[in-house]
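Here's a friendly walk through a protein chain for anyone meeting it for the first time. Take a look at the sequence and the model, then read on.

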Amino acid sequence: MPGALQRPAVVTRVSDLIGRTPLLELAVTETGSRLLLKLEMFNPTGTAKIRMARAMVDAAEAGGQLRAGGRIVESTSGNTGLGLCVIAAERGYTFTAVVDHHAAADKLRAMRALGAELVYVDDDMPGGALHTAAREEHAEAMARGADNTVFTEQHNNPANGVGYLPVAHEIAEALDGRLDVLVGAVGTGGCLCGTGRELRRLIGDLTVIGVEPEGSIAFGGPAHDYHQSGTGTPEGAEIGALVDFDLIDEGVKVGDVAAFATCRAVARTGLLIGGSAGGVVHAALTRLPALPPGSTMVALVNDGGEKYLDTVFDDDWMRRHGLLSPGTEREVEDRLTKLRGNR
């Protein structure tokens, strides 16, 4: 890769390791179209979200909302919180993560290890109130009126999208401006829309495909529970202000069974990816053969799979939740085997 994408040999802060993540060629069609994975798990904390965590803190500092010794509050299912832990530790802030017991246990343990204060919303809320909405309300209430305290509010914070502009530059430089399709998960909208908008500015027209879990409501209903964490918009939650429907050419839904089967099939190529990334890769693999010859598709893989060894990659957990599907795994594995044979 070009020199600008190489990480420095010696750094003085963990956050200096953010970015310059690699592209992995996962699959190639007989007509020469290829699927590349942007491996954001090579960031510190193993996720893309540390990029926007840093950008949100930068913006709070620049706006005078956050000063030395201040407190950061955020509602998180884990990955954004992990990123904020690192930035808070480096800059001397206290970080309070508002969480619930549905988050991956390893993410909660890691946040605590990195010095975060964890505040849990009540699992037994009246009327089955949504945990995501309850977390947001609690985080906002904690920060309201408190001196030198900022609720970073990732779902509606413009700095979220700004944090992903470097992703576009890294992709454009690595591919010398040749990109036809970008595929990514839609949760807050910051990663896909921030990256996609900047890529269109840098290289011109390309197709942007957004992926959410079945049960999420950003691309319509029906709404129901889902197990892909850190992505989508559950019923009762507001669609993030950063989700730009004018930018997204196609909205795709992928169910938990297909997403997790894809994670497990990709693992047998030697790569562990997170649950929502499985949905993104499944959508990309499905569309790859139909692309014009010689096309390049990039899928944003925002999370590694190491945090999901007790869930997505655990047969007992998968079986208990009705998600284990050896047949679907074989279908994805067969598709991968065929496409990888063209490389």
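Accessible areas here come from the Shrake-Rupley method with a 1.4 Å probe. On that basis, the protein chain exposes about 14200 Å², and carbon and sulfur atoms supply 49% of it. Keep in mind that this is a predicted model.

Let's start with the overall build. The chain's secondary structure comes to eleven helices and ten strands. Its radius of gyration is 19 Å, close to the 20 Å that the globule rule gives for 343 residues, so the chain is as compact as a globular protein of that length. Along the principal axes, the C-alpha atoms fill a box of roughly 60 × 45 × 40 Å. Of the 343 residues, 55% count as buried. Now for the contacts between residues at least 6 apart in sequence: 70% of these join residues at least 24 apart.

On to the inside. The largest nonpolar core has 41 residues, and those with the most contacts inside it include Leu35, Leu37 and Val183. What does Leu37 touch, leaving aside residues up to four places away in sequence? Its partners are Pro22, Leu23, Leu24, Leu26, Leu271, Val281, Ala299 and Val301. There's also a second, separate core of 27 residues, with Leu175, Leu179, Cys193 and Val208 among them.

How about the cysteines? A disulfide is a covalent bond between the sulfur atoms of two cysteines. With a cut-off of 2.5 Å between the sulfurs, the count comes to zero disulfides. For Cys85, the nearest cysteine sulfur is that of Cys191, 20 Å away. Cys191 has its closest cysteine sulfur in Cys193, at 9.3 Å, which is too far for a bond. Are Cys85 and Cys191 buried or exposed? Cys85 is buried, with a relative accessible area of 2%, and Cys191 is buried too, at 9%.

Finally, the rings: the structure holds two aromatic pairs.

| Pair | Centre to centre | Angle between planes | Type |
|---|---|---|---|
| Phe219 and Phe245 | 6.1 Å | 80° | edge-to-face |
| Phe260 and Trp317 | 6.5 Å | 50° | tilted |

Phe219 and Phe245 both sit in the loop between β8 (207-213) and β9 (250-254), 26 residues apart. Phe219 counts as partly exposed at 22% relative accessibility, and Phe245 as partly exposed at 41%.

Conventions: Residues are numbered from 1 along each chain as its sequence is written. This is a predicted model: local features need pLDDT of at least 70, side-chain atom pairs count only at pLDDT 80 or more; totals for chains, interfaces and linings use all residues. Side-chain values use heavy atoms; hydrogens and water are left out. A nonpolar core is a set of buried Ala, Val, Leu, Ile, Met, Phe, Trp, Tyr and Cys residues joined through side-chain atoms within 4.5 Å. Buried means under 20% relative accessible area, exposed over 50%, partly exposed in between (1.4 Å probe, protein chains only). Contact means heavy atoms within 4.5 Å. Helices (H or I, at least four residues) and strands (E, at least two) are DSSP runs, numbered from the N terminus. The radius of gyration is taken over C-alpha atoms; the globule rule is 2.2 Å times the number of residues to the power 0.38. Rings of Phe, Tyr and Trp (its six-membered ring) pair if their centres lie within 6.5 Å; planes under 30 degrees apart count as stacked, over 60 as edge-to-face and the rest as tilted.
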